[in-house]
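Subject: Structure handover

Dear colleague,

I am passing a structure on to you, together with notes on what was found in it. Please look at the structure before reading the notes.

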Amino acid sequence: MIQTENMPNQISEHIISSIKKIKSELPCGVELLAVSKTHPVEYIEYAYSAGQRLFAENKVQEMTMKHELLPKDIKWHFIGHVQTNKIKLMAPYVSMIHGIDSFKALAEVNKRAAENNRVIDCLLQIHIATEDTKYGFTPYECFDMLNTEDWRSLCNVRLRGVMGMASFTDNMAQVQTEFVWLKQTFYRLRLEYFRDKPTFNIISAGMSHDYEIAIEEGSTMVRIGSAIFGERKYLTQHC
Ligand SMILES: *Cc1c(COP(=O)(O)O)cnc(C)c1O
């Protein structure tokens, strides 16, 4: 038999030691979100055994399946694009939704949260990258939405801060500039709309390859996948 995969115990050791190493290096006040998308539940169990309780996924069905199989003290964060028809499925349990980029999405989360007698924490996704494939509000669109004041009547969502993804590039000066925009947008929003809301206090920024820069520029929540779980293998469809 040809060994093409790492042995399970090597994988579990890698995951556990990565979690511990990253956590030990995070400054106080910065939370680690372990991005487990595409990885099997066993990988999540290894991270869990290292004390990790915050996990993130970007597909609603996959997250829901994992939520059902895994311990209930795990907090699930949804970091994918928010499709209004999928919100219902995660509304009973999701801990935070990072990708709010329209009033429509926020209103739908509010409606589904109300049906579950919950208040769901949400982040405003701000488009900071130069690539136009990334979702999110431009800062102007975000101010426009908040200026309408309609969002204030949505009692079953709580806006906790902002989320951003920097450009996928080796140009770290550019990445840094983009994280600075995110931070500045966060401070302006806080000043203009959330002065009386100390819970508007999250900047979700930084992935495996750029989280150190994100932390320097004010991130309070890093979303790390491959540096913990290894490269993602996407299953290819055979027709
Ligand atoms: C996949 C993903 C991450 C984690 O990316 P890594 O490079 O594996 O750390 C972070 N944020 C979002 C929104 C993602 O989709």
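Predicted model: local features only at pLDDT ≥ 70, side-chain atom pairs only at ≥ 80, totals over all residues.

Residues are numbered from 1 along each chain as its sequence is written, and side-chain values use heavy atoms, with hydrogens and water left out.

Buried here means under 20% relative accessible area, exposed means over 50%, and partly exposed lies in between, with a 1.4 Å probe and protein chains only.

With neighbours within four places in sequence left aside, the contacts of Ile97 (heavy atoms within 4.5 Å) are Phe78, Val82, Met90, Val109, Ile120, Asp121, Cys122 and Leu123.

Pocket

The largest pocket has a volume of about 640 Å³. A pocket is an open set of points on a 1 Å grid over the protein atoms alone, where a 1.4 Å probe fits, with protein on both sides within 12 Å along at least five of seven lines; lining residues have an atom within 4 Å of a point. Grid points are joined across faces, edges and corners, and the volume is the space filled by probe spheres set on the points. The lining has 28 residues, and the closest to the pocket centre are Lys37, Asn58, Ile79, Met165 and Met207. By type, the lining divides into 10 nonpolar, 11 polar and seven charged residues. Ala, Val, Leu, Ile, Met, Phe, Trp, Tyr, Cys and Pro count as nonpolar, Asp, Glu, Lys and Arg as charged, and the others, Gly among them, as polar.

Helix 2

In helix 2 (residues 41–49), the buried residues are Val41, Tyr43, Ile44, Ala47 and Tyr48. They lie on the same side of helix 2 because they cover an arc of only 155 degrees around the axis, taken from the directions from the helix axis to the C-beta atoms. These buried residues pack against helix 1 (8–25), strand 2 (54–57), helix 3 (60–69), strand 3 (75–78) and helix 9 (226–229). Gly51, which follows helix 2, has a positive phi near 100 degrees.

Single residues

Arg160 lies in strand 6 (residues 157–164) and is buried, at 13% relative accessible area. Among its contacts beyond four places in sequence are Met96, Asp121 and Thr199.

Asn156, in the loop between helix 6 (139–147) and strand 6, counts as buried at 18% relative accessibility. Glu149 is placed in the loop between helix 6 and strand 6; Glu149 is partly exposed at 38% and has a positive phi of about 70 degrees although it is not a glycine.

Asn117, in the loop between helix 5 (103–115) and strand 5 (120–126), counts as exposed at 73% relative accessibility.

Regards

Methods: Helix = DSSP H or I, 4+ residues; strand = E, 2+ residues; numbered from the N terminus.
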